[in-house]
Amino acid sequence: MRDPRSVRCTYYLESEIEPEKAAAIMAGEQSSGTFLPVPGESARIRERHAARIANVQELGFCRPSLPSRANPEKVRAALVTVDFPMENVGTDLATLQTAIAGNLFELGDLYACRLQDMQLPEDFVNAHPGPAFGIEGTRKLISDVRGVMVGTIVKPNVGLSEEEFRLVVRDLAMASIDLIKDDELMTDPAYLPLERRVAVATEEIRAAEQHTGHATMYAFNITGDLAGLRKRHDLVVEAGGRCVMLNIPVMGMPALALLRSFAEVPIHGHRAGLAASMRSKALGMDYRVWQQMARLAGADHLHASGLGSKFYELDEEVAANIRSLLEPLGQTIAPLPVLSSGQNVTTPGPTFGAVGSTDLMMLAGGGVAAHPDGPGAGVRSLLPGMGRRRERSTAAQRRRLPVRKRGRRSPARSADIRERCLRCQPLASSPTTSPEPRMSSPKPTATGSKLPLSSGTPHCPWTPTSSGSPDLPVHWPVPPSTTWSPATSQASPR
């Protein structure tokens, strides 16, 4: 008897042959068949284990997107829905990925093969714990902060000496930043081993907390050999660390699930390398598929790129990534969407307008490190734009735990700051006397979430006015009056 539970996947395909035939070849390859009939492939096996084509929607002719053994001038594009029996997969994430995103990408008959959506059976989802901390658990570990969380990456990415690293962490922690993270390139180098980074960072963060009253989380990168994963995690926890980071595309979903099985702190999920299977719209999978597996494997934080990013994804694609992370997935809690890659004082308003939620972590690497008055000032400049009050230590506190000294600004430096300020002006609108908006909002649903927000002029943190008036209210731009549906994140490359 065939298992009534199935994993339903939607693919964009291109083929020279009829789309129905191409879909059948793909479904056979990924279940009970192969390129030729073989002895033993009985009617019973096909009935019970063969993947079935649920729907084929032809999209017309186009130029082939990918190379293959033949070089046709045109091919036929289609959206194909396939049901894989859950009995073939069980509840194993590695087996699931092999079935829905394995050899099918290599089939010579296909000139494009892109997994755009996946619907998992309830029993499959329930077999996995999902994130242990998620959004609210992370907030509790950083002084129960409300609104958008603010983070950064230690810069330069690599090469800092221990003392240079110490000063960077001290400056950031004294500025009451929520999260500091290792760069994905920083693992366990001989010149600044993980053990020393953990010792130095936790020491500086504890000292800063005595002065600011704000708990800062540091995401230590424990990516590396699988055999040492538990040891590296335990090193962080025993030193009082609050977070570990794993590069998920490099380590794989099974490694993430293994880490989740013993992790005592949130897992910060990085996506370095993901674009290799995602950037081409003709190959690989959409983010909304990948994030489901990463969530089930246990990531508490997941990178989603960023609006106005230095990377390839368009803003509407990034917004769809974020919304997919906030969608329900069985009984699991939602992970914290992490925005990075070019985030700065100009990006919070457009981001909130596109997403409609403050359940976000915005990481500004260069946007903090390149501030003319140093990383600490970079952090303080970001807080108002995130709907947060500035949190400063007093002068007496700074004397007790000194940070890097800064001299008076030269006329040239002041002119440079004014030049930077001009770049913020396109975001500004006419001032308003509307009350400050409430910066905590419900998670958006699949039909979208629009909040009645005040419009106004965001105070540019580069200006003397805002730096001298840290408690002025900040107004987010009004979100656009559009409604999102899951279909908007499943556009074909044509």
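This report describes the nonpolar cores, aromatic pairs and cysteines of a predicted model.

Residues are numbered from 1 along each chain as its sequence is written, and side-chain values use heavy atoms, with hydrogens and water left out. Because the model is predicted, local features need pLDDT of at least 70 and side-chain atom pairs count only at pLDDT 80 or more, while totals for chains, interfaces and linings use all residues.

**Nonpolar cores**

A nonpolar core is a set of buried Ala, Val, Leu, Ile, Met, Phe, Trp, Tyr and Cys residues joined through side-chain atoms within 4.5 Å. Buried means under 20% relative accessible area, exposed over 50%, and partly exposed in between (1.4 Å probe, protein chains only). The largest such core comprises 110 residues, and those with the most contacts inside it are Tyr-11, Leu-96, Ile-100 and Trp-290. Helix α12 (residues 287-297) supplies the largest share of this core, seven residues. Helices (H or I, at least four residues) and strands (E, at least two) are DSSP runs, numbered from the N terminus. Another core, of eight residues, lies apart from the largest one; Leu-79, Tyr-111, Ala-112 and Ala-282 are among its members.

Beyond its neighbours within four places in sequence, Trp-290 is in contact (heavy atoms within 4.5 Å) with Ile-248, Pro-249, Met-253, Arg-271, Leu-274, Met-278, Met-285 and Leu-302.

**Aromatic pairs**

The structure holds three aromatic pairs. Rings of Phe, Tyr and Trp (its six-membered ring) pair if their centres lie within 6.5 Å; planes under 30 degrees apart count as stacked, over 60 as edge-to-face and the rest as tilted. Two of the pairs are set out below.

| Pair | Centre to centre | Angle between planes | Class |
|---|---|---|---|
| Phe-165 and Tyr-218 | 6.2 Å | 70 degrees | edge-to-face |
| Tyr-287 and Trp-290 | 5.7 Å | 50 degrees | tilted |

Phe-165 belongs to helix α7 (residues 162-174) and Tyr-218 to strand β7 (residues 217-221), so their pair ties together parts that are 53 residues apart in sequence. Both Phe-165 and Tyr-218 are buried, and together with Phe-220 they form one aromatic cluster. Tyr-287 and Trp-290, three residues apart in helix α12, are separated by about one helical turn; both are buried.

A charge sits over a ring if NZ of Lys or CZ of Arg is within 6 Å of the ring centre and within 35 degrees of the ring normal. Lys-74 lies over the face of Phe-61 in this way, at 4.7 Å from the ring centre.

**Cysteines**

A search of the whole structure finds zero disulfides, a disulfide being a pair of cysteine sulfur atoms within 2.5 Å. Cys-9 is buried, with a relative accessible area of 0%, and Cys-62 is buried, with a value of 10%.
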